[in-house]
Amino acid sequence: MQAMHSMTSANELNLQLESTLQELPLWSVYVEVKSLVNDLTTLFKQEPLLPGIILTKNHKYQGMISRQRFFEHMSRPYSLSLFATRPIENLINFLQPEVCIVSEEMRIVDAIQIALQRVPQLVYEPILVKTNSGNYQLVDFHQLLNSMKVGTERIHEIVLALRNFSRLDESEKKRVDIHEGIDSTLLLLQSRLKNQQTGQIITIVKEYEKLPLVECYPSLINQAFMNILANAIDAIFNNYDCSGLSCSLPPSPQKYPLIRIRTELIDDNHVIIRIADNGLGIPKDIQKRLFDPFFTTKSVGKGTGLGLSISYQIVVDKHGGQLQCISALGEGTEFMIKIPVQLDS
Ligand SMILES: Nc1ncnc2c1ncn2[C@@H]1O[C@H](COP(=O)(O)OP(=O)(O)OP(=O)(O)O)[C@@H](O)[C@H]1O
Ligand SMILES: [Mg+2]
């Protein structure tokens, strides 16, 4: 008998619309059909959240018994006395409805749709997930639904952030909360903060000072934040696989990947936003060319080399501000955006 599970709540999972069943906590509880029915009772009582067990015969998949059907059956007259001390094998015929089996690569939304197509009395049965390695695991139907709820809430947040980010309704200048713009941008970049290959996650440290509303073209300023933050993410992750930058320094995996965003008000008339990363930094000869249109060190298809030149136009030409880069090779890079609180007319 083997029991294993991880009950991360759906809120802690970073679920997206594209998320697959692999990203959900799945149950792997196997019981040989030779075991006694009593053992099942014990197991279900020990694990109150266990939605069902996978039956094996000589370690090969044989079927599934769900908690609900098991207890329904055992509460019938005479069931306990008839079955309790017999092998589970005797129960299978009574308890095995059609089992819904899906691949672990299936999207959660698709699995829900398939699960909902079952006959009403089976709709709450757990779903069997077949893994790439040929094993089976179980997912609780309620948990499946709940994960979708969390997913849709997140999508709602992203739509709000997109609206805030692009501020399509406000292409004109407006007084806005700069921190809101940064936060929306970060939310849109959230899925990129995790390196899919290494699993490393960038920590964002915010050191926000109290700022007045800033008169600016919000959709443009947010675009500049987006370009600079996206570069910082690229710099950090390229750092760890050491490609992309023409730099011979070894990666430093002991460092925690970090982006620090600091804001401050200076001389009552200007705000400064500093976006710093602890990527590899930028070699001196490259620093001079950063803001040139089409300058990129990224491979074809990865960068157009326009991000910083557009940001420069936005900050300097459109807002009368300053955009500077301070970088130390091997330590990281900081971009400083300085813009006036009040735009010159
Ligand atoms: N935070 C950073 N750390 C290290 N290098 C950076 C950083 N930001 C920019 N760079 C360097 O500056 C170059 C130009 O950046 P820019 O944003 O203009 O273009 P890109 O990121 O290469 O492409 P695009 O932004 O158009 O997708 C980058 O290719 C990279 O070499
Ligand atoms: Mg860029």
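Modeller: In this predicted model, strand E6 (residues 127–130) and strand E7 run antiparallel and are joined by 4 bridges. One residue pair illustrates the arrangement: Leu 128 has Leu 138 in E7 as its bridge partner. The hairpin formed by E6 and E7 has 5 residues between the strands, and Gly 134 in this hairpin takes a positive phi near 90°.

Strand E7 itself (residues 136–139) is covered on both faces. Tyr 136 and Leu 138 are buried on one side, while Gln 137 and Val 139 are buried on the other.

Ser 66 counts as buried because its relative accessibility is 1%, and buried means under 20%. The side chain of Ser 66 makes a polar contact of 2.7 Å with the side chain of Glu 125.

The largest nonpolar core has 38 residues, and Ile 178, Ile 259 and Ile 273 have the most contacts inside it. Several elements give two or more residues to this core, including helix H7 (178–189), strand E11 (258–266), strand E12 (270–277) and helix H10. Helix H8 provides the largest share, with 10 residues.

In general, an α-helix has 3.6 residues a turn, so residues three or four places apart point the same way. Just after H10, Gly 320 takes a positive phi of about 65°.

Finally, there is the ligand. Ligand 1 is surrounded by 20 residues, of which the closest are Asn 231, Thr 296, Thr 297, Lys 298 and Thr 304. Three of these side chains may be described by distance. A polar side-chain atom of Asn 231 is 2.8 Å from an oxygen atom of ligand 1. For Lys 298, an N or O atom of the side chain lies 2.6 Å from an oxygen atom of the ligand. For Thr 304, the distance from a polar side-chain atom to a ligand oxygen atom is 2.4 Å. Ligand 1 taken alone exposes 590 Å², and the protein buries 91% of that area.

Definitions and conventions. Residues numbered from 1 in each chain as written. Chains lettered and ligands numbered in written order. Predicted model: local features only at pLDDT ≥ 70, side-chain atom pairs only at ≥ 80, totals over all residues. Heavy atoms only, no water. Buried < 20%, exposed > 50% of the residue type's maximum accessible area, 1.4 Å probe, protein only. Pairing = 2+ DSSP bridges. Near = heavy atom within 4 Å. Polar contact = N/O pair within 3.5 Å; in protein donor to acceptor, adjacent residues only side chain to side chain. Areas by Shrake-Rupley, 256 points an atom, 1.4 Å probe, with all protein chains shown as cover. Core = buried A, V, L, I, M, F, W, Y, C linked by side-chain atoms within 4.5 Å.
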